[in-house]
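Subject: Two-chain model, handover and notes

Hello,

Here is the structure I said I would pass on. My notes on it follow below.

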Amino acid sequence: MFIRYKQPKKPPEGNVIKHSPLLNFAYLLGTVVIISAVIFVALGFFADWLAVRISPETERKIGDMLFHTISDEEIVDDKRIQYLEELLESLPESGETTRLPLTIHLIKSDVVNAAIMAGGHVFIHTALLEAVESENELAFVLAHELGHFQNHDPTKSLGRSLVFLVASMALGIGTSESGGVPDIVFRTGELTSLSYSRKQERAADLYGLSRAINRYGHGSHSLDFFKRLEEEEQEQGRLLKVSQYFSTHPLSKDRIVILNKAAAEKGWKMEGDAKPLPEWLHCPNMEECEPDAEE
Amino acid sequence: MDGLEILIFLFLLILGYFSGTYFEKRHYKSIRERERKTLHVPMVTFGAKQSLPEAQDAQLFVGSVVISVDYFKMISATLRNLVGGRVMVYESLLDRGRREALLRMKEEAMAWGANQIMNVRLETAAIGGRSGNNSGPGSVEVIAYGTGIR
């Protein structure tokens, strides 16, 4: 058997296609970004749609599950909880019902914050009780959170977080190291504190103000807490610990302006006297204590 | 924090693109030059179950090369994984690896005095990369081996 090797004139070049890597990259990036944006938005709407339709029992179960992932130091058996619950219960209009009983959780923390979670868990930080100066302010903060609850915002946000989580898992982001179920639970818990959309905030604001007016007959002093915190923040910069309230409730100057405008349009009364807070609200059990030595 | 992460990502991407393109161009230039120089020695896959041509000596020659993916190629390929299709950025990488491994084998055989290389085989192996827990940029090893005769 004879096979003759014929020397080629030049070495074979293989079959690699000549292409521009940058154009190729741009095309890929564009395709992936557009498709995932479409999927994400569609799933987001689906999550919203679903969030409003889940039964209160299911929501309660989800809320309880998430609640156990939170490791903050909770104060139990304190008279202040009772006070806050009574205040919260007095806020809805007559005939208005909440789909679940709301639970107040008083959290020992020197960061001013308040939040609501799926299942009707309301978190109030002790620092908030020190920061408010009248019951009207406190009532507005509580009513704002109640507004989120009535609009199903916590479950919507949870649904969107889950969508985000599933999407990022599919892309292999954020599951690199530990992976598995504990990571998912941790991240879901983390993401539930994601801020709500601006639209949701405005709706909750409006709800909050209307319920504060409903209780006190006027909207005066209710917004003072915001004004004061905003001033403090501007004075002392973003390093201030207090500013966490705004990271979950982004406050822009126009938030107050919009509320005042809405109040003017609806003819809400915005003048009146503030109702003082119980004297020792910042102390455990509302028993007299030293200003700085408390807790 | 997010801003910093994006900056690092962009930095790695740009670095990967420019250094990757530079090294690839340089490598191809060297490959073409050496292929032209060694073209006169036949290199064939013939010989597996056939007897080799009459010769004095026969010896095994191995050429192996490891080439790393750059960050730009890696991200490009990750995106391609989502969409599907030819991963062209990796094709050039493997092409370089294959040709370089063959060249290394051939050059060694020619230094020994081979006038033909028979029964040439190619193997590849992935090092690191997406397999297992290591999600960093991976490398590919290409091994070429054949029997040189003189």
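Of the 295 residues in chain A, 27% count as buried. Please keep in mind that this is a predicted model. Chain A is built from 11 helices and four strands. Among its contacts with a separation of 6 or more, 73% are between residues 24 or more positions apart.

Helix 5 of chain A

This helix covers residues 135-150 of chain A. Of its 16 residues, 15 are buried, so described here as mostly covered. The length agrees with expectation: at 1.5 Å a residue its 16 residues should span 22 Å, and the end C-alpha atoms are 22 Å apart. A:His152, which follows helix 5 of chain A, has a positive phi near 65°.

The cores

The largest nonpolar core contains 39 residues. Those with the most contacts inside it are A:Ile124, A:Leu128, A:Phe140, A:Leu142 and A:Ala143. Helix 5 of chain A gives the most to this core, namely eight residues. Leaving aside residues up to four places away in sequence, A:Leu142 touches A:Leu87, A:Leu88 and A:Leu91. There is also a second, separate core of 23 residues, and B:Ile75, B:Met105, B:Ala144 and B:Ile149 are included in it.

The hairpin in chain A

Strand 3 (residues 114-117) of chain A and strand 4 (residues 121-125) of chain A pair in the antiparallel sense, with four bridges. The two form a hairpin with three residues between them, and A:Gly119 in the turn has a positive phi of about 90°. A:Ile116 has A:Val122 of strand 4 of chain A as its bridge partner. Which way do the residues of strand 3 of chain A point? A:Ala114 and A:Ile116 point one way, A:Ala115 and A:Met117 the other way, and all are buried.

Helix 8 of chain A

Helix 8 of chain A runs over residues 198-216. Its 19 residues should span 27 Å at 1.5 Å a residue, and its end C-alpha atoms are 27 Å apart, which agrees. The buried residues of helix 8 of chain A include the charged-type names A:Glu201, A:Asp205 and A:Arg211, and also A:Ala204, A:Leu209 and A:Ile213. A:Gly217 follows helix 8 of chain A and has a positive phi near 85°.

The sheet in chain B

Three strands of chain B form an open sheet in the order 1-3-2, with antiparallel pairing. Strand 1 (58-68) and strand 2 (116-127) of chain B stand at the edges; each has a single partner strand, so one side of each is left without a neighbour in the sheet. On average, neighbouring strands of this sheet are turned by 15° against each other, direction ignored. Helix 3 of chain B packs on the sheet and touches strand 1, strand 2 and strand 3 of chain B; its direction makes about 150° with that of strand 1 of chain B. Strand 2 of chain B pairs with strand 3 (residues 139-149) of chain B in the antiparallel sense over 10 bridges. Within that pair, B:Leu122 has B:Ala144 as its bridge partner.

Where the chains meet

The contact takes 18 residues from chain A and 19 residues from chain B. On the side of chain B that touches chain A, the elements giving two or more residues are helix 1 (2-37), helix 2 (71-83) and helix 3 (88-112) of chain B. The residues on that side divide into nine nonpolar, six charged and four polar.

Regards

Notes
Residues numbered from 1 in each chain as written. Chains lettered and ligands numbered in written order. Predicted model: local features only at pLDDT ≥ 70, side-chain atom pairs only at ≥ 80, totals over all residues. Expected span 1.5 Å × (residues − 1). Buried ≥ 20, exposed ≤ 12 C-beta atoms within 10 Å, placed from the backbone. Contact = placed C-beta atoms within 7 Å. Pairing = 2+ DSSP bridges. Axes fitted to C-alpha atoms, helices over the stretch in contact; angles between N-to-C directions. Core = buried A, V, L, I, M, F, W, Y, C linked by C-beta atoms within 7 Å.
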